[in-house]
Amino acid sequence: MDKERSERGWRGTPELWLDAAYGLLVEGGVEAVKVMPLAQRLGLSRTSFYWHFPDREALLDGLVARWRAQNTGNLVARCEAPAPTISAAMLNLIDCWVDPGLFDSRLEFAMRTWALTDPAVDAALVEADATRLAAITRLFLRFGYAATEADTRARTLYLTQVGYIALRSEESFDVRMGRIPAYVLTFSGVAPSAAEVAAFRMRHAVRSVGPEGSEAGSVRQA
């Protein structure tokens, strides 16, 4: 970091400014994302910001692009991931609700709050919701569900998750994992096999413990 800053004259990088803007957004909402607080947080000059972004609006556009790529992009990718059964496909999608690296619920909440006062962000959310619902619907169609049932199950699954985010519901990792098989059965009508559940648990095992073997903290997704 020191070498990179030195080479850039202590201006930071676009990603560094976006990371700081993300922090302010999820902590205090879009009104908190301003150039001076960002500069103070990074220990950089205010003019360094303009080396990377022409104005605050460009930075906000970058946050929207980051949210779109992460939350919508990853959700669609998990819906399209290969799976031999509907229950395995459901677990692929539920990866998003367990791994914040795939789907960031704090960012999602901040975006939905921001959309209440910004028509452009609201339009982006409407588009994202439609894209995500279409991807989940296609997942069900892929496994032979009738069109109306696929649409209804997709809406049940997605709107449940949005509700968890809106309510900022928190639960421990162990409680989350214990509920996963029942979620799969509820949303798809098919219970996952023991082998599918074991594989799901295995790929998320690293998140079951925190630093030095302590239990992981609570999570905010269904």
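1. Which residues are linked in a network of salt bridges? In this predicted model, the network comprises Glu-108, Arg-112, Asp-129 and Arg-132. The structure holds 14 salt bridges, and the points below take up several of them.

2. Arg-132 and Glu-108 are both buried.

3. A salt bridge also joins Arg-112 to Asp-129, with 2.6 Å between the closest N and O atoms. Because Arg-112 lies in helix α7 and Asp-129 in helix α8, this pair ties together parts that are 17 residues apart in sequence.

4. Elsewhere, Arg-176 and Glu-171 meet through their side chains in a salt bridge of 2.5 Å, N to O. Both Arg-176 and Glu-171 are buried.

5. The second largest pocket contains about 190 Å³ of space. Its lining consists of 13 residues, and those nearest the centre of the pocket are Glu-57, Leu-60, Trp-114, Asp-118 and Val-121.

6. Two helices, α5 (56-80) and α8 (119-142), each supply at least two residues of the lining of the second largest pocket. Helix α5 provides the largest share of this lining, with 5 residues. By residue class, the lining of the second largest pocket divides into 7 nonpolar, 1 polar and 5 charged residues.

Methods. Residues are numbered from 1 along each chain as its sequence is written. This is a predicted model: local features need pLDDT of at least 70, side-chain atom pairs count only at pLDDT 80 or more; totals for chains, interfaces and linings use all residues. Side-chain values use heavy atoms; hydrogens and water are left out. On a 1 Å grid over the protein atoms alone, a cavity is a set of points where a 1.4 Å probe fits but cannot get out, and a pocket is an open set with protein on both sides within 12 Å along at least five of seven lines; lining residues have an atom within 4 Å of a point. Grid points are joined across faces, edges and corners, and a volume is the space filled by probe spheres set on the points. Helices (H or I, at least four residues) and strands (E, at least two) are DSSP runs, numbered from the N terminus. Ala, Val, Leu, Ile, Met, Phe, Trp, Tyr, Cys and Pro count as nonpolar, Asp, Glu, Lys and Arg as charged, and the others, Gly among them, as polar. A salt bridge is a side-chain nitrogen of Lys or Arg within 4 Å of a carboxyl oxygen of Asp or Glu. Buried means under 20% relative accessible area, exposed over 50%, partly exposed in between (1.4 Å probe, protein chains only).
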